[in-house]
Amino acid sequence: MAKNTPLAERLRPHTLSEFVGQKHLLDEGRFLNTLIQSKSALPSLILWGPPGCGKTTLARLLAKEFDLELIALNAVSDGVKELRQVFDQSKHSLRPILLFVDEIHRFKSSQQDALLGAVEAGHVIFVGATTENPSFYINRALVSRLRVLQLKALEEADFEEIIMRALTDNELGLGKYFVAIGDQVKKSLISTAGGDARSLLNVLEQAVIRSAQRGDKILQQEDIDEAQQYTTSHYDRSGDNHYDFVSALHKSIRNSNPDAALYYLARMLDGGEDPLFIIRRLIRAAAEDIGLADPQALSFAVTAKEAVEHLGVPECDVILAQVTIYLATAPKSNSVYEAMSAAKKLAKNFPALPVPMHLRNAVTELMTNVGYGSGYSYDHTWPEKVSPMDSMPTELKGVKLYHPSEWAFEKEVKKRIEFFEKARLRARNKNSEKDGLL
């Protein structure tokens, strides 16, 4: 290998026995292990998993294990032209071709469609790798022709095995530096890797070289910290975790856990997320999970949006943190959310009920003559500002959609609703007395 080949590439496994992780696919009795042991044909696959979990390596090893000619493309730089070249080559190849396309989610819909015929006919065995959910990023027609295998982020034991191999391999690894690593520094290195073996090895290589240059045979935390300055964030604002992290932020607020919410907020900001995307979700959380338990929450979040727009990055981080803490520590109620959900369901089940005549606005004489507005009672003319009339269509009379909680400000809302209902009943009784006198 070239002298400047990264450690992660130098240590890439050459056999499945060297492969670390993904035991749920490779252990005895599991899907890939069963295929290999039974000498069955390899089906076309999607390897879906986070960065650095071994997707590319696994595709290469499967090609070797099943004696397939490997042709690797990348959806960022290659397209339909390169795909067709592979399909033409497959007609004359002495061995079946495993076509590996990295970052398959970056193919446009029409580019993915170009794979359909060849995959269905079996001209090539297709293996695509993606960090994004195939349900959203891969055409349904293509997914239906493939087996989707979900790869998992590497675990602590996997990383320990990788680290020891890297530090002891004299030929391809870092063994020539004779640098060891203590348990605490090892845990620190693993915790910041984010499940990404490539990232971990990049940091480890820089840290070991720095330690060796200093003449220290034990890796220090400062070596790891210095090396990590040159690593990139594990957050991808254009990918799946763009939604995963904002979901975690929202659910941590719902869980009344300000510390977790702040952690996910910081991760998103560190990854370059648009603060307006974040504040929009915070506004939604204020309405959905707090609602009328604290009516100020929504106003606070909306006002913060203006401040975020005014200040911009990076000064708006404290504003986002302030809103996040306020929402996380506010009393929670989803009664408004549940009421709206029930209202939508009711509207769907009764889509054609006419508006009662007494609620219609009589704009013209003709509309008055046919009954528009007839029977309407102006609430302000009644002593308690509540008239006796119903506003629901007759078919839905008595239906309740909003059920306030007994918590925080909603206790007051519940009292108000109860007052209005009793006032309406008193007004009806008063009307009945009048009718009796007449």
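A: Let's begin with the labels: helices (H or I, at least four residues) and strands (E, at least two) are DSSP runs, numbered from the N terminus. Residues count from 1 along each chain as its sequence is written. What you see is a predicted model, where local features need pLDDT of at least 70, side-chain atom pairs count only at pLDDT 80 or more, and totals for chains, interfaces and linings use all residues, while side-chain values use heavy atoms, leaving out hydrogens and water.

Q: Okay, let me try one residue. Where is L146 found?

A: Look at the loop between α9 (140–143) and β5 (147–150).

Q: Is L146 buried or exposed?

A: Buried means under 20% relative accessible area, exposed means over 50%, and partly exposed is in between (1.4 Å probe, protein chains only). L146 has 11% relative accessibility, so it counts as buried.

Q: Which residues does L146 touch?

A: A contact means heavy atoms within 4.5 Å. Not counting residues up to four places away in sequence, L146 touches S44, L45, I46, V119 and F126. As for L219, it is 73 residues from L146 in sequence, and their C-alpha atoms are 45 Å apart in space.

Q: Now helices. How do α10 and α11 pack?

A: Two packed helices are described by the angle between their axes and the distance between the axes. The axes are lines fitted to C-alpha atoms, for helices over the stretch in contact, with angles from 0 to 180 degrees between N-to-C directions. Here, α10 (residues 156–168) and α11 (residues 183–191) pack at about 115°, and their axes are 10 Å apart. That's why α10 and α11 are called roughly perpendicular to each other (65 to 115 degrees; under 35 is roughly parallel, over 145 roughly antiparallel, and the rest oblique).

Q: Which residues make the contact between α10 and α11?

A: From α10 you get E156, F159, E160, I163 and M164, and from α11 K186, K187, L189 and I190.

Q: What about α11 and α13?

A: Helix α13 covers residues 221–228; its axis comes within 9 Å of the α11 axis, and the two cross at roughly 15°. So α11 is roughly parallel to α13. On the α11 side the contact uses V185, S188 and L189, and on the α13 side Q221, I224 and Q228.

Q: Zoom in on S188 for me. Is S188 buried or exposed, and which residues is it in contact with?

A: S188 lies in helix α11, and at 17% relative accessibility it counts as buried. Leaving aside neighbours within four places in sequence, S188 is in contact with Q221 and Q228.

Q: Backbone next. Which bond joins V313 and P314?

A: Most residues other than glycine have a negative phi, and most peptide bonds are trans. V313 and P314 are joined by a cis peptide bond, with omega about 0°. You'll find P314 in the loop between α17 (296–311) and α18 (317–329).

Q: And what is the phi of E103?

A: Near 55°, a positive value in a residue other than glycine. E103 is in the loop between β3 (97–102) and α6 (109–113), and with 23% relative accessibility it counts as partly exposed. K385 has a positive phi too, about 65°, although it is not a glycine; look for K385 in the loop between α20 (365–369) and α21 (410–437).
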